[in-house]
Amino acid sequence: MSDKNALNNATLALQALYLEKKGAIIDNAPDFLNEKRDAALDSFLVQGVPSKKVENYKYTNLVEVFDRQWDVVASKDDANIDVEEVFQCDVPDLDTFTILMVNGWYYPKNDLTALPEGVTVCSLQEAFAHHKDLVEEVYCRYTDHTKDPVLSLNGMFAQDGLFVHVAKNVILERPLQIINLMNGDSDRMCSQRNVVLLEQGSQAKIAVCDHTLSNQAFVFNNMTEVLVKENASLDVYNVQNQNNQTINLSGLNIEQQSNSNVLTHAVVLHGGVIRNNLTINLNGENANASMYGISVADQEQHVDNFTTIYHSKPHCVSNQVYKNVMSGNSEGVFTGCIHVLPYAEKTAAFQQNNSLLLTETAQMNTKPQLIIDNDDVKCSHGATVGQIDEEALFYLRSRGIGEHEARLMMIFAFAHDVLSNLRIEPLRDRIDQLLERRLRGEDSPCDSCAIECNS
Amino acid sequence: MGDQDKLLNEVTQREYQYGFVSDIETETISKGLNEDVIRLISSKKKEPKFMLDYRLKAYRYWQKMDMPKWAHLNIPEIDFQDIIYYAAPKSTPKYESLDEVDPELLATFDKLGIPLQEQKQLTGVAVDAVIDSVSVKTTFKETLSEKGIIFCSFSEAVQEHPDLIQKYLGKAVPYTDNYFAALNSAVFSDGSFCYIPKGVRCPMELSTYFRINASNTGQFERTLIVAEDDSYVSYLEGCTAPQRDENQLHAAIVEIIVEKGAEVKYSTVQNWYPGDKNGVGGIYNFVTKRGICKGDRSKLLWNQVETGSAITWKYPSCILIGDDTVAEFNSVALTNNYQQADTGTKMIHIGKNSKSTIVSKGISAGKSSNAYRGLVKVGKNASNSRNFSQCDSLLLGNQCGAHTFPYVEVANNTAIVEHEATTSKIGEDQIFYCNQRGISTEDAIGMIVNGYAKEVINKLPMEFAVEAQRLLEISLEGSVG
């Protein structure tokens with residue numbers, strides 16, 4: 001990428017926005033975040049808003065997204081609306097600690113008194129005040145703003161976010177449910193920065209639901225940095241269900257130490273342009289990472305799952321399965337890269353992307369990559385794009401199942417395959433149900449989500 | 001590990017067998033590249049005006065371009081002003097029989113194990129031998145001309161069939177295509193031209209042996225194959241180059257036009273000098289190969305065995321325009337020592353019911369890096385198109401790399417596209433199994449590698465299959481324990 005491409009109109013507009021709001025942003029954010037802002041701007045200007053000529057954004061045109069005037073609300077005040085009354089999670093039997101985040105800000109009325117000892121959940125601002133050493137252990141340690149322009153943007157604009165810490169050998173049985181809400185009466189860009197730290201031998205499950213409360217267009221730039229220490233285990237389930245004007249740029253950057261175990265799930269239901277950057281660095285022996293994704297898209301939706309797995313140490317295992325069901329004029333993208341570094345012997349890495357195209361105008365672009373610099377590995381990947389097997393369909397029909405129903409059964413089976421790995425049962429059942437309703441066309445963007453806002 | 005090191009040493013110490021310089025007088029022009037050099041090349045070749053215009057257009061376009069950086073390759077800076085762009089054996093007399101050919105030249109081919117005489121008498125392969133860019137000898141021309149087949153050097157074709165050249169030049173690979181295609185279009189010296197008329201099945205396999213000979217001359221080949229309706233041709237290209245310390249640049253273009261119902265099979269064995277065991281010297285092989293399946297039911301097959309060159313950058317591609325067209329790409333790429341390869345294919349499906357198959361086998365040893373890069377693109381109107389890709393990598397030695405960069409773009413819901421890739425090394429259990437049955441580790445590896453590549457080698461014409469198998473053995477035998 002050369003500098004002349006980087007300084008496009010979209011880049012200049014975001015630079016101007018930053019310079020205009022800088023004072024307010026800094027006033028309402030902790031010093032720790034402020035220190036890195038100007039450096040983030042510099043690296044953003046070098047990279048620019050990526051056009052389709054930038055390899056990593058070849059299939060997702062962010063210039064289109066940012067080639068308009070976006071606004072940023074730099075103070076917390078507008079997030080202080082009373083959402084609790086209009087908002088309730090309706091997943092049956094799902095017993096979680098619920099944490100609300102509004103427009104990138106920690107919701108002050110979150111009640112977390114029931115959290116067991118050794119588990120800390122608070123706003124990032126508060127964490128900087130009270131647990132600075134813990135935050136410092138993770139924040140910007142394994143994430144490089146110069147590597148990705150969306151990350152640089154987060155560095156420029158993010159003022160708050162969530163901090164989660166699980167102390168040594170503490171096992172959090174009840175999942176944490178983080179609900180990211182977008183709300184407001186005007187279009188805006190919201191940035192959020194989260195830090196998650198799991199100490200040795202700890203365990204946690206986190207369900208993240210992205211949701212919009214109003215019908216405005218939002219850019220949600222959500223960056224999460226995670227450190228999973230020795231023998232720790234973390235599950236992250238992300239259900240993305242926002243209105244179709246919304247652009248969701250989500251980054252999940254996980255550093256794993258030895259014998260750690262990570263499971264991630266990305267469930268995409270609604271949203272305009274969705275880009276999920278997932279980076280996992282297996283930086284300790286015997287670490288294990290499983291990544292799953294299911295995207296169901298229609299209309300003009302654009303879903304891009306971008307994963308990078310570094311096998312930095314020997315004896316690690318990674319497994320990725322991403323599935324897409326594309327209909328309408330939707331466009332799906334999967335880019336996965338398995339990077340086995342030298343001396344990462346006995347690596348086992350697997351990557352799979354299967355996509356169904358249901359309409360003539362749907363599109364799928366997939367790029368599963370292997371970069372392997374060690375010989376003692378077992379790595380494989382597979383990618384398929386196609387449609388429902390007519391023979392299997394015939395089999396079902398010959399047993400008296402109507403064509404439409406048979407088709408749905410097969411699509412559902414295709415999608416369910418990924419969900420069967422989800423380790424929170426009520427959530428899995430709920431997503432199963434949502435998927436089915438979604439596939440049957442019985443949903444509206446409003447009721448097909450894990451959280452019903454009743455608005 | 002001790003055993004492995006010893007065996008690795010043995011292999012790395014193996015000298016390049018084909019490293020010798022033929023003592024043939026060559027005519028060269030001075031180093032450097034500018035418009036005058038292009039005019040000089042064009043006038044030396046007595047080209048018509050349209051050719052000069054084409055070259056100049058390409059050169060002006062090239063000047064505006066930057067060297068591409070996207071490949072997974074580490075390419076040292078190339079000084080394009082430090083290259084001689086034209087080298088031709090002095091005086092190129094027309095020979096009627098092999099006896100008149102310079103005995104030195106014939107000896108060169110003998111050393112390569114591909115004597116012209118034998119080829120002519122025993123195998124019936126017509127050979128268009130290209131030594132340093134100018135075609136010296138074309139055999140079997142008469143037999144072919146009876147059928148109306150044109151098989152001659154590119155410069156001859158420019159003189160004798162300017163209408164055909166003008167019609168097809170740059171149709172598959174326009175000069176604007178990429179950096180090296182533009183460079184080639186500006187300075188190409190010679191190459192082969194092959195035209196199969198309507199309904200003709202070429203009775204023999206056409207073959208060109210390229211060889212870079214004079215020191216410091218980049219070789220800029222250009223091959224154009226046109227297969228008219230319902231015709232068939234199998235074309236062989238093989239390359240060996242003498243040992244040199246300075247890197248030599250080779251930027252070739254191959255264009256293939258396949259009309260309705262025609263079939264073209266293009267096979268390559270590339271064995272250029274890969275540089276010594278320290279990565280010094282070797283050929284830079286930057287090739288643009290592309291075929292267009294223009295008519296309905298046309299068929300194009302690319303088969304390649306790549307064992308040579310310090311850097312290989314090559315993506316033989318197919319554009320499937322016609323309905324019911326078929327394309328295949330079968331490749332074995334082997335890298336050793338410090339060799340680098342970034343190779344693969346593009347299959348662009350435009351016509352309905354088009355089918356393509358990709359089989360790529362990469363073998364990396366030593367400190368080499370071997371990448372597969374491919375694109376399968378299904379356009380909106382390519383209903384019922386089908387692709388299957390398989391890319392396997394075999395790693396021998398813990399310092400080499402094997403990479404896979406497949407791109408799949410599908411915009412039609414009736415298309416079925418599948419891609420799969422695996423990376424592995426030779427299993428210790430496999431070797432143990434062979435050892436147990438009295439087969440030495442070296443032989444076992446040879447067997448396993450040959451078995452691994454067999455799927456592709458089997459697709460090669462007989463003569464090539466033998467050479468290819470031998471090349472794999474030479475390059476790999478015993479490289480891991």
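Colleague: Is the crossing of helix 2 of chain B and helix 3 of chain B left-handed or right-handed?
Modeller: Keep in mind that this is a predicted model. The crossing of these two helices of chain B is right-handed.
Colleague: At what angle do helix 2 and helix 3 of chain B pack?
Modeller: About 155°, and the axes are 10 Å apart. Helix 2 of chain B covers residues 35-44, and helix 3 of chain B covers residues 49-63. Because angles over 145 degrees count as roughly antiparallel, helix 2 of chain B is roughly antiparallel to helix 3 of chain B.
Colleague: Which residues make the contact?
Modeller: From helix 2 of chain B, they are B:E35, B:I38, B:R39 and B:S42. Helix 3 of chain B supplies B:M51, B:L52, B:R55, B:L56 and B:Y59.
Colleague: And by class?
Modeller: Five nonpolar, one polar and three charged residues for that helix contact.
Colleague: Switching topic. How many residues of chain A are in contact with chain B?
Modeller: 32 residues of chain A, and they meet 31 residues of chain B.
Colleague: Which elements of chain A give two or more residues to that side?
Modeller: Strand 19 (363-372) and strand 20 (377-386) of chain A. By class, the chain A side that touches chain B has 13 nonpolar, twelve polar and seven charged residues.
Colleague: What does strand 19 of chain A pair with in chain B?
Modeller: Strand 22 of chain B, residues 401-410, in the antiparallel sense over six bridges.
Colleague: What stands opposite A:N365 there?
Modeller: B:E409, in strand 22 of chain B.

Definitions and conventions
Residues numbered from 1 in each chain as written. Chains lettered and ligands numbered in written order. Predicted model: local features only at pLDDT ≥ 70, side-chain atom pairs only at ≥ 80, totals over all residues. Axes fitted to C-alpha atoms, helices over the stretch in contact; angles between N-to-C directions. Helix = DSSP H or I, 4+ residues; strand = E, 2+ residues; numbered from the N terminus. Parallel < 35°, antiparallel > 145°, perpendicular 65-115°, else oblique. Left-handed = near helix turned anticlockwise from the far one by under 90°. Contact = placed C-beta atoms within 7 Å. Nonpolar A, V, L, I, M, F, W, Y, C, P; charged D, E, K, R; others polar. Pairing = 2+ DSSP bridges.
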